[in-house]
Amino acid sequence: KERKSWYAIMSHLGAATPKHIWLREIHFTDKNAVQMKGTALTYPDIADYIHRLESDTFFFFFRLITADNNAGQSTASFEIQLKLKGL
């Protein structure tokens with residue numbers, strides 16, 4: 001199977017990330033998946049981000065793990081898991 005470089009992964013994530021999404025943590029899980037934690041300005045921004053990732057042929061298998069309001073702030077935290085094609 002083809003291996004993806006971190007540069008390629010980060011380039012695709014950066015291109016798919018809209019301006020109201022901030023990624024705080026990205027790591028590989030033991031099941032060859034990428035887990036991302038971030039903050040969004042609104043819930044529709046999270047939905048837009050997932051839609052952009054789904055449209056990218058680099059990724060497949062998307063799962064929104066959590067999406068919560070940040071107490072006392074006007075933002076939402078989220079956690080997404082996805083898999084890379086070729087892994």
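Serine 77 makes contacts with a set of residues well beyond its own stretch of sequence: leaving aside residues up to four places away, Serine 77 touches Arg24, Gly38, Thr39, Thr66, Ala67, Asp68 and Asn70. In this predicted model, serine 77 sits in strand β4. Its relative accessible area is 17%, so serine 77 counts as buried, the cut-off being under 20%.

Strand β4 spans residues 76–84, and eight of its nine residues are buried. Two pairings involve β4. With strand β2 (residues 33–40), β4 pairs in the antiparallel sense over eight bridges; here valine 34 stands opposite leucine 82. With strand β3 (residues 59–69), the pairing is again antiparallel, over nine bridges, and glutamate 79 of β4 is the bridge partner of threonine 66. Six residues lie between the strands in the hairpin of β3 and β4, where glycine 72 takes a positive phi near 80 degrees.

Glutamate 25, found in β1 (residues 21–28), is 54 residues from glutamate 79 in sequence, yet their C-alpha atoms are 9.3 Å apart in space. How exposed is glutamate 25? With a relative accessible area of 33%, glutamate 25 is partly exposed, because this value falls between the 20% and 50% limits. Setting aside residues up to four places away in sequence, glutamate 25 touches Gln35, Met36 and Lys37.

Notes: Residues numbered from 1 in each chain as written. Predicted model: local features only at pLDDT ≥ 70, side-chain atom pairs only at ≥ 80, totals over all residues. Heavy atoms only, no water. Buried < 20%, exposed > 50% of the residue type's maximum accessible area, 1.4 Å probe, protein only. Helix = DSSP H or I, 4+ residues; strand = E, 2+ residues; numbered from the N terminus. Pairing = 2+ DSSP bridges. Contact = heavy atoms within 4.5 Å.
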